[in-house]
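Hello,

Here is the structure I promised to pass on to you. My notes follow below it.

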Amino acid sequence: MDCDEVWHAGDWGDLAVSDALTKMKLVRGVYGNIDNSTIRSIYPKDINFTVAGLTVYITHIGGYPGRYEKGVKERLLEVKPDLYIFGHSHICKVVRDKEFGLIHFNPGAIGMHGFHKKRTMMTFGIENGNLIDIPVLEYDRN
């Protein structure tokens with residue numbers, strides 16, 4: 001896997017996924033609504049951290065700019081992230097939130113389970129606190 005870290009926005013589904021990734025890379029993640037108590041004991045509901053000058057906030061159920069879930073807007077005001085990542089909808093989307101001055105990512109879903117037609121994930125670089133090279137990677141479900 002050609003990356004420094006893996007960031008996961010929840011719905012691991014099985015601890016084997018987390019175990020396999022943590023053997024290869026540093027993994028930062030949160031639990032999702034389908035995750036069991038074992039996964040929830042390892043991963044928190046939300047996390048924030050700074051890497052290479054970029055402040056990141058990740059949660060599973062978060063909503064989109066202008067329609068954030070309860071409590072998310074308050075966390076965005078508190079954390080002041082440059083990048084906000086959430087999962088849940090399985091819809092890959094990148095949006096600039098002008099109100100909070102951040103980039104909003106939903107990487108979609110890379111797993112085999114769910115209603116999504118394509119499996120998606122995102123990679124990117126960070127240079128001087130800025131996101132660079134942000135391709136969306138698509139895979140068939142079979």
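A definition to begin with: rings of Phe, Tyr and Trp (its six-membered ring) pair if their centres lie within 6.5 Å, and planes under 30 degrees apart count as stacked, over 60 as edge-to-face and the rest as tilted. Ring pairs of this kind link Tyr57, Tyr64, Tyr68, Tyr84, Phe86 and Phe100 into a cluster.

Please keep in mind that this is a predicted model, where local features need pLDDT of at least 70 and side-chain atom pairs count only at pLDDT 80 or more, while totals for chains, interfaces and linings use all residues. Residues are numbered from 1 along each chain as its sequence is written, and side-chain values use heavy atoms, with hydrogens and water left out.

**Aromatic rings**

The structure holds nine aromatic pairs. In one of them, the ring centres of tyrosine 57 and tyrosine 84 are 5.6 Å apart with the planes at 15°, so this pair is stacked. Tyrosine 57 belongs to strand β4 and tyrosine 84 to strand β7 (residues 83–86), so the pair ties together parts that are 27 residues apart in sequence. Strands here are DSSP runs of E with at least two residues, helices are runs of H or I with at least four, and both are numbered from the N terminus. Both tyrosine 57 and tyrosine 84 are buried, where buried means under 20% relative accessible area, exposed over 50% and partly exposed in between (1.4 Å probe, protein chains only).

What about the pair of phenylalanine 105 and phenylalanine 124: how are the planes of the rings set? Their planes are at 70° and their centres 5.6 Å apart, so the pair is edge-to-face. This pair also links distant parts of the chain, with phenylalanine 105 in strand β9 (residues 102–106) and phenylalanine 124 in the loop between β10 (119–122) and β11 (125–127), 19 residues apart. Phenylalanine 105 is buried at a relative accessible area of 2%, whereas phenylalanine 124 has 25% and counts as partly exposed.

The charged end of lysine 93 sits over the ring of tyrosine 64, 4.3 Å from its centre; the term asks for NZ of Lys or CZ of Arg within 6 Å of the ring centre and within 35 degrees of the ring normal. Arginine 28 likewise has its charged end over the ring of phenylalanine 49, 4.2 Å from the centre.

Two strands pair if DSSP finds at least two bridges between them. β7 and β9 run parallel and are joined by three bridges, with phenylalanine 105 in β9 as the bridge partner of isoleucine 85. Strand β8 (residues 93–97) pairs with β9 in the antiparallel sense over five bridges, and here valine 95 has histidine 104 as its partner in β9. β8 and β9 form a hairpin with four residues between them, and glycine 101 in the turn has a positive phi of about 65°.

Best wishes
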